[in-house]
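Subject: Structure for you to look at

Dear colleague,

I am passing on the structure we spoke about, and below it you will find what came out when I went through it. Please read the notes with the structure open beside you.

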Amino acid sequence: MQEPIISLCLPTNGVKEWVFPVLDSIYSQNINNDLFEVIVTNNGTNVEFDLLMQDYARKHNNLLYRRNTSYMFYNQLEALKLASGKYLKFVNHRGLFAEGALQRMLNVVVSNEEDKPVIYFSNGVLEKDYYELKNFDEFVSCLRRYVSWTTGVGIWKTDYDKIKNNLKVDKISPHSCILFSERSKDKYLIDNYVFSKDIDSNQSKKGKYDLFKAFAVEEITITLNLYIDGDISAQTFKKVKKDYKRFVAELYFDYCIRKQPCSYKLDNFNESMGIFFKKSEVINEIIIVVISRIINKIKLIVRGK
């Protein structure tokens with residue numbers, strides 16, 4: 001088998017209702033198997049999933065499956081270690097590929113293979129279809145909270161090989177260490193094409209981690225360190241921090257007020273306040289979130305008429 005253009009790295013904790021439909025959506029793209037590979041790493045304990053995954057891998061010569069006992073998000077790095085493509089791309093284990101999505105990714109990689117810019121696939125969460133940014137500061141400023149989103153992240157194999165032996169791994173966000181490993185490139189690209197859609201929005205089978213510590217403290221600390229290192233401006237740090245404040249308010253509203261099901265640890269909200277955000281700031285932001293959602297609902301009703 002020749003060197004694949006892209007490695008689709010799918011770390012999972014073994015939720016079969018998600019993973020197998022996602023894999024089917026990848027293989028239904030009708031792309032030559034020589035052009036891509038799929039790496040599935042599983043740090044879950046579901047024996048049935050493990051057996052089913054072994055059987056699925058036997059049917060596809062470009063799929064590599066490995067079970068491991070890595071800690072939570074470190075499973076992401078286990079996938080990268082096994083990948084051999086020119087470009088290594090994280091894939092959400094519950095994100096169904098849209099028709100034509102894999103070909104789009106291949107085209108982006110091939111057209112940028114010579115320059116090897118940092119590429120981020122933002123999947124429709126930003127305003128414009130495509131961004132070409134000239135430095136790292138602009139890149140982080142444009143992404144805001146989405147710097148913490150694993151699914152958008154990828155790295156060229158040659159760049160990964162340079163850092164893999166000396167990578168300083170963040171416990172809650174190892175993918176950020178990958179995304180931020182190249183801070184002095186001449187070009188940063190963000191492709192906002194919607195390449196996947198979540199199978200469901202139920203968060204009850206996600207990992208069990210401290211939600212508010214992660215997004216009100218740890219992720220912001222990662223961005224703060226970028227500023228301390230001199231790689232982003234104070235203005236960019238403040239912009240990202242502000243966006244995280246909105247995100248924390250959304251999380252609190254959804255999981256603590258509306259009681260939507262989730263697997264996250266939610267009882268440390270108060271403990272996480274006062275480090276980057278005052279509790280009163282977040283409460284005020286929650287009010288803004290509620291008003292904004294009501295307005296959006298009214299707009300949808302009006303459009304429907």
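A salt bridge here means a side-chain nitrogen of Lys or Arg that lies within 4 Å of a carboxyl oxygen of Asp or Glu. Please keep in mind throughout that this is a predicted model.

By that rule, Glu48 and Lys16 are joined through their side chains in a salt bridge, with a distance of 2.7 Å from N to O. Glu48 belongs to helix 2 (residues 47-58) and Lys16 to helix 1 (residues 16-27), and the pair, 32 residues apart, links distant parts of the chain. Glu48 is partly exposed, with a relative accessibility of 42%, and Lys16 is likewise classed as partly exposed, its relative accessible area being 29%.

A further salt bridge runs between Arg144 and Asp243, where the closest N and O atoms are 3.5 Å apart. Because Arg144 sits in the loop between helix 5 (136-143) and strand 8 (154-156) while Asp243 is part of helix 9 (residues 234-257), this pair ties together parts that are 99 residues apart in sequence. Are these two partners buried or exposed? Arg144 has a relative accessibility of 17% and therefore counts as buried, the limit being under 20%, and Asp243, at 12% relative accessible area, is buried as well.

The salt bridge between Asp231 and Arg183 has its closest N and O atoms 2.6 Å apart. Asp231 lies in the loop between helix 8 and helix 9, whereas Arg183 is found in the loop between helix 7 (174-179) and strand 9 (188-191), so that distant parts of the chain, 48 residues apart, are linked by the pair. Asp231 counts as partly exposed at 26% relative accessibility, and Arg183 is partly exposed with a relative accessible area of 29%. For the structure as a whole, the count comes to 24 salt bridges.

Two patches on the surface also deserve a note. Lys171, Lys208, Lys213 and Lys265 form a positive surface patch. One of these residues, Lys208, is placed in the loop between strand 10 (196-198) and helix 8 (211-228), and with a relative accessible area of 64% Lys208 is exposed. The other patch is nonpolar and consists of Ile283, Ile287, Ile291 and Ile295, which together have about 330 Å² of accessible area. Ile295 is located in helix 11 (residues 279-304) and, at 41% relative accessibility, counts as partly exposed.

Finally, some words on the overall build. The chain contains 11 helices and 10 strands, and its C-alpha trace spans about 60 × 45 × 45 Å along the principal axes. A compact globule of 305 residues would have a radius of gyration near 19 Å, and the value of 20 Å for this chain agrees with that. Of the 305 residues in the chain, 51% are buried.

Methods
Residues numbered from 1 in each chain as written. Predicted model: local features only at pLDDT ≥ 70, side-chain atom pairs only at ≥ 80, totals over all residues. Heavy atoms only, no water. Patch = residues over 30% accessible without salt bridge, like charges linked within 9 Å, V, L, I, M, F, W, Y side chains within 5 Å. Areas by Shrake-Rupley, 256 points an atom, 1.4 Å probe, with all protein chains shown as cover. Lys, Arg positive; Asp, Glu negative; His and termini not counted. Charge placed at Lys NZ, Arg CZ, Asp CG, Glu CD. Helix = DSSP H or I, 4+ residues; strand = E, 2+ residues; numbered from the N terminus. Buried < 20%, exposed > 50% of the residue type's maximum accessible area, 1.4 Å probe, protein only. Rg over C-alpha atoms; globule rule 2.2 N^0.38 Å.
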